[in-house]
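Student: I'd like to learn how to read side-chain contacts in a protein model. Could we go through one together?

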Amino acid sequence: QEGTKVLSKRKQNTSIVPSDLLHKSLLKSEQKNWNNISPTYKAVTKRIKEKLEELHNIYTLKSRSPRIRFGENVYFEENGCIFIAKADDGEGNAKILFSVEDLGFSDAFIQRIRISPDQRYMAISLKSENSEEATCIIMKLGNLPVVEKVIPSVFSFEWAANDVLYYTAQKSLKCQNVFRTTFTYQEHTKLVYTEQDARFFVDLYCTKDRRFLTINSNSKTTSEVWLVDCRHPFESPALVQARTTGLIYHIEHRKDQLYILTTYGEPAEYKAILTDNCIHRINLDDYWRSYRNSKLMKAPVASSGKENWQLVYALERKTKLVDFEMFSDDCIMFLKNAGHLYLNVISFVSHSVQSIKLPTWACEFELESHPEHTTSTCYFRLSSPVHPPKHFAYSFKENNLIEEAVQEVPIITNCHTTRLLAKSKDETLVPITVFHNKNSKELHRRPLLVHVYGAYGIDLNMSFKEEKLMLIEEGWILAYCHVRGGGEQGLSWHRDGCQHNKLKGLHDLRACITLLHQVGFSQPKHTALAAASAGGVLAGALCNTDPALLRAMVLQAPFVDVLNTMMKAHLPLTIEEQEEWGNPLEDEKCMKYIKSYCPYQNIKPQCYPSVFITAYENDERVPLTGILQYVQKLRKAALDHASRTTKKGNWIPNIILDIQANGSHCDSSWEHSLNE
């Protein structure tokens, strides 16, 4: 009987979804509206585009791409070409192995590169901007590289042996099947693993010493790992630890011991990220390694169950493990605490830990690939939204951090970084990172762009962007609000902002913007709020509850119709998303809670800020129908308010929707993002 009640509500909600005919009508109307409005911005668009191209030429084109060091060789990709050079010869003698264009994929970009242990084969994934599915191409290297095999719809892949490749197949945003293929003597492909639970997503990883290939099956709260012994790549995978609700773990290997990053025990600050994981325009390969962890443990390979796990190292409370790299005698942990980045080096020989605080301006890092775990140096890059990537290295022999003396790009010196803590409604302190020009005076009069995300345990994207540096140069203030629901302070930070705690993220955002104004960073009439994807939930909610805090809001592929989307079980992500938003299909209390903050559900006649939304016609993650309805309802509410009031200074906000026929929710080329 309780089920009957819920079903009636589901029926009621799904009935408001417009038909295909209405969808097409709304789409056509918005496209016409955009075509009429966009010429208004022609002059400012031209100026901004020229400035961004100038900054791109200075800071990005001259910055080298990450290098893959493999024995005597170094591999790297630039402008769609794969190069090889001798490590000792310098890259002036690098030669092109092949290009994307040679392969007939002129509109695609390289997303992932994996080289076989004997360097006879290279597997790459190519992805176009209009699809989330990539194509894996296996090249046989040599004087004249040739295409050995093409595999469509692939997410991750790893070499288990010289001629044995494992890969996951992607379908409708899900990865649940793992295949093994070999082609040296007789081409053969076999299904080796299938995930039956729709909440779980499967990907692959090779341990640093290449002893094991790991099959990782993760939901948002639970994981399970299977091992393929790379010495015997045709044997069946072996289970490490059966899935246990709430237990997340990741495996590395060293000298017959498994090293386990895990949430096992309390407190748990480890989180594997798999969903909503590509809007930030970075390599998908990095996402599942974004850890929220409190422990490094170890166990013998032969008895890997959790009852045999022994503690190696535990992190301090509210310290987040961002990434982890294993070497033969050491491991390196990249940590974040109170907004600052640290590097911890754990020596397995001396049983010591060395902690190094990284430069205060650094907000993001990127490890360079180290296929050989015996290397004596760890290379990485540091950046921030307004600081281009800068190269660093850690030497195990010298036990010190090395900043590359010669940097390819100019150093940013005119930007000041400030870190604040805002007190939320329940007195929780919420971190804010602020950037502004050192030469700016009267900061309370300067325009402010606030960024928010707050979902899935994912951090705000704080990698370098030319447009952020442009705004700093033009006197803007940039603020990044690390609200609950995100992962900036570990798993508990995420848990405090998901499901029945989602409103805490909204309270955090309100407190952050209020504090920024109180301490003299801009004022409401000069404040804009930016969010993408699931960040649209908190941004849209604040727009409803506190529109007077903002003058404008800019959203990219925003999730603004949470309730109606989560009521549709047929959508590809609905089931696995229930661990983030709850299950309104079966829980009436959950349905009422989602309805209390859902941006679309809470639009009302009032004075809204201006809104600019970019959406994608073929977006598989955020249905366009919900955005079309949101824009239509928001415009009507703003007009209703304007018609009812004669208040002096009354204005009607611009509510603009730009629907991109091309592009997707994921990675984008420089040219496409520049046009956006």
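Predicted model: local features only at pLDDT ≥ 70, side-chain atom pairs only at ≥ 80, totals over all residues.

Student: What describes a pair of aromatic rings?

Tutor: The distance of the centres and the angle of the planes. Rings of Phe, Tyr and Trp (its six-membered ring) pair if their centres lie within 6.5 Å; planes under 30 degrees apart count as stacked, over 60 as edge-to-face and the rest as tilted. By this rule, there are 19 aromatic pairs here. Take Tyr193 and Trp226: their ring centres are 6.0 Å apart and the planes sit at 55°, so this pair is tilted.

Student: Where in the chain are Tyr193 and Trp226?

Tutor: Tyr193 is in strand β11 (residues 188–194) and Trp226 in strand β14 (residues 223–229), so to speak distant parts of the chain, 33 residues apart. Helices (H or I, at least four residues) and strands (E, at least two) are DSSP runs, numbered from the N terminus.

Student: Is Tyr193 buried or exposed?

Tutor: Buried means under 20% relative accessible area, exposed over 50%, and partly exposed in between (1.4 Å probe, protein chains only). Tyr193 has a relative accessible area of 10%, so that residue is buried. Trp226, at 21%, counts as partly exposed.

Student: Which kind of pair do Tyr264 and Trp309 form?

Tutor: An edge-to-face one, with 5.5 Å from centre to centre and 85° between the planes. Tyr264 belongs to the loop between β17 (257–262) and β18 (295–300), while Trp309 belongs to the loop between β18 and β19 (310–314), 45 residues apart. Tyr264 is partly exposed at 30% relative accessibility, whereas Trp309 is buried at 7%. Rings can also gather in a group: Phe334, Phe365, Phe380 and Phe392 form one aromatic cluster.

Student: And what about a charge over a ring?

Tutor: A charge sits over a ring if NZ of Lys or CZ of Arg is within 6 Å of the ring centre and within 35 degrees of the ring normal. Arg69 lies over the face of Tyr379, 3.7 Å from the ring centre. Lys208 does this over Phe327, at 3.9 Å.

Student: How many salt bridges are in the whole structure?

Tutor: The search finds 34. A salt bridge is a side-chain nitrogen of Lys or Arg within 4 Å of a carboxyl oxygen of Asp or Glu. In one of them, Glu474 meets Arg47, and the closest N and O atoms are 2.7 Å apart. Glu474 lies in the loop between α4 (466–473) and β31 (477–481) and Arg47 in helix α3 (residues 42–59), so the bridge ties together parts 427 residues apart in sequence. Glu474 is partly exposed at 36%, and Arg47 is partly exposed at 40%.

Student: Which residue forms a salt bridge with Arg112?

Tutor: Glu158, with the closest N and O atoms 3.3 Å apart. Arg112 is in strand β5 (residues 108–115) and Glu158 in strand β8 (residues 146–161), so this pair ties together parts 46 residues apart in sequence. Arg112 is buried at 5% relative accessibility, and Glu158 is buried at 6%.

Terms used
Residues numbered from 1 in each chain as written. Heavy atoms only, no water.
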